[in-house]
Amino acid sequence: MSSAHDDALLERWQAAWPEALAIWSRYTRLQPALLCSSVQAARAEGLNGSFAMIRFADQRVVIDLATIARLGLDDYALEVLAHEIGHHVLAPANATDHLRLLARMRQALPTLTQHAPLLANLYTDLLINDRLQRQSALRLADIYRKLADTAAKKDAGRSPAGVWALYMRIYEQLWQLEAGSLCRQTLDARAETDAWLGARLLRVYARDWLEGAGRFAALMLPYLLQEDAQQAALTRLLHDTESAGRDCTGAGLGEIEPGEISGAIHPAEDPLITGEDAPDTDDAQELDGDGLGSAESQPTQLSGGQMREPFEYGEILRAAGVVLDAHEIAIRYYHERALPHLLPYPRQRMPAASEPLPEGLNRWECADPLDELDWLQSVLQSPTIVPGLSTVKRDYGEQPSELPTLVPIDLDIYVDSSGSMPDPRQQMSWLTLAGAIIALSALRAGASVQVTLWSGKDEVRRTAGFVRDTQAILAVLTDFFGGATAFPIHCLRDTYADPQGRARPTHLLMISDEGIDTLFAQDEQGNEGWDIAACALARAGAGGTLALNLPEQHFGYAAEALKTIDKAVQTQGWALHAISDWAALLSFAQDFSRRHRHGLIPPTPMDPTRMEPAR
């Protein structure tokens with residue numbers, strides 16, 4: 001294209017933007033579209049493979065004008081821009097609903113979940129285009145005719161119908177177009193029926209489009225296997241929501257939604273679509289302007305609180321265009337899972353700070369600090385100020401407070417990450433979730449948290465001391481070693497090396513199994529773990545808890561380990577919370593505050609005669 005043609009095209013599309021906004025509402029507010037004059041400029045904005053895209057992070061529309069000109073769509077600025085605005089206004093409208101849509105699509109695509117983003121895009125395109133074509137009289141059908149001409153092949157009548165052919169036939173059904181005007185292939189009876197079901201689905205679930213998402217994916221599933229390369233390239237050209245979720249954070253994705261699984265059915269099995277055996281209620285009989293039923297008020301089946309695995313959570317985020325590695329996804333996952341379970345974190349009742357009590361006067365000397373000089377009292381005693389002779393200062397005593405104060409106790413948590421534990425980045429780890437719930441609760445209460453993840457003596461990752469950084473804490477909790485089992489005694493020893501203990505009371509929490517008995521072995525310096533554990537427990541000042549998954553059958557190593565654990569509980573004062581199933585750690589986390597007098601931990605006096613570990 002010439003430079004003059006580029007400038008004229010850019011001006012026309014810029015001028016069409018206000019009208020495109022007004023098509024949806026005069027109150028619609030979006031930043032102006034980014035109109036890229038070259039393919040390179042479009043790629044720099046993240047647009048690759050299609051001629052348009054949206055971004056939820058900054059609510060922008062991006063258009064590749066060079067590809068628009070190549071496809072002959074120069075005169076369709078209003079249609080294309082209004083369509084892209086529709087993704088921001090109607091469907092998916094925001095990053096959260098976009099993730100929910102992908103999750104529902106994936107449920108209906110066993111073994112073909114990688115196609116969920118494309119089908120989600122085609123589905124929302126149908127919703128938007130149907131409204132623009134019928135209610136706003138825009139020329140969406142003409143755009144698809146141009147694309148259909150590109151898709152036409154000499155042997156189109158003999159090739160099996162793929163996604164593109166069925167998709168075009170659904171538009172013909174929706175808009176009452178002549179067969180063959182958009183779909184240039186001859187469809188068999190099954191494909192014709194599916195096209196009719198697709199059109200019905202769009203009408204029935206137009207007001208509750210998320211509920212229809214799984215049904216649309218199930219309808220398209222057989223045709224994904226029949227799509228040829230040329231038709232796949234055309235559907236790819238329409239994929240304007242491929243990276244819509246980049247730099248966004250989803251919420252509520254950890255739990256499988258009500259109706260998500262039950263909605264993954266073929267439209268032929270839905271009586272609201274087929275009209276067969278439909279319930280005889282006003283809601284089922286309600287018709288929209290085209291005489292088709294609405295599913296807006298149909299009850300939704302509850303899912304029972306079923307949760308996703310971390311890898312599924314990550315796959316949905318990646319399908320939305322979110323660029324994160326497995327560890328970053330795990331941090332998001334456990335943070336979201338922990339938030340509904342945050343608890344009243346235990347506190348310790350401590351004497352409140354004393355208040356200064358004014359007492360008598362004393363002579364102020366020249367060597368005393370100037371701010372201690374009481375000028376008023378000095379003048380009252382002698383109008384003539386003679387430093388060191390007539391100057392006085394006020395002496396203060398202390399008035400003990402009658403009310404105690406509640407101080408949040410710090411948390412020092414040690415989580416087992418040996419080979420017997422699950423990898424929290426791949427499957428749900430109750431150890432990680434329990435640790436996250438208690439750690440985030442501690443942060444919310446104003447405490448500081450130190451997290452140590454351990455497997456072997458040299459396989460240790462920990463926070464930089466006691467911190468109040470949520471990301472730093474979750475980054476440690478969601479890591480994984482999967483090696484041998486050997487408690488890092490040196491970490492516990494170094495944390496409580498100061499004979500005066502920590503400035504703030506601290507609670508020790510060990511989450512492990514019978515392998516915690518390695519805490520009471522010798523360290524690399526020959527110190528007895530018994531002594532180090534007892535010393536740390538005393539200097540922490542707020543007690544310690546062993547949350548352990550212990551076997552019901554005690555034999556061999558497990559029997560010896562249980563004897564060691566029982567001895568530590570009896571002689572050192574550890575609180576033991578034994579479980580037989582990792583999932584019970586969630587109940588432990590929820591009951592953590594109630595186990596300490598409704599959230600209060602009594603102060604533990606320091607014993608200066610406590611045995612010191614040998615050096």
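Phe592 counts as buried in this predicted model, at 0% relative accessibility, where buried means under 20% relative accessible area, exposed over 50% and partly exposed in between (1.4 Å probe, protein chains only). Local features need pLDDT of at least 70 and side-chain atom pairs count only at pLDDT 80 or more, while totals for chains, interfaces and linings use all residues. Residues are numbered from 1 along each chain as its sequence is written, and side-chain values use heavy atoms, leaving out hydrogens and water.

**Aromatic pairs**

- Rings of Phe, Tyr and Trp (its six-membered ring) pair if their centres lie within 6.5 Å, with planes under 30 degrees apart counted as stacked, over 60 as edge-to-face and the rest as tilted; by this rule there are 12 aromatic pairs.
- Tyr345 and Phe592 are stacked, because their ring centres are 6.2 Å apart and their planes stand at 25°.
- This pair links distant parts of the chain, 247 residues apart, with Tyr345 in the loop between α15 (326–338) and β4 (347–350) and Phe592 in the loop between α22 (585–591) and β14 (600–601); helices (H or I, at least four residues) and strands (E, at least two) are DSSP runs, numbered from the N terminus.
- Tyr345 is buried as well, with a relative accessible area of 4%.
- The rings of Tyr414 and Phe487 have centres 5.4 Å apart and planes at 40°, so this pair is tilted.
- Tyr414 is buried at 0% relative accessible area, and Phe487 is buried at 1%.

**Cluster and charges over rings**

- Tyr144, Tyr167, Tyr171 and Trp175 form one aromatic cluster.
- Arg502 lies over the face of Phe466, 3.7 Å from the ring centre, a charge being over a ring if NZ of Lys or CZ of Arg is within 6 Å of the ring centre and within 35 degrees of the ring normal.
- The charged end of Lys567 sits over the ring of Trp530, at 4.7 Å from its centre.
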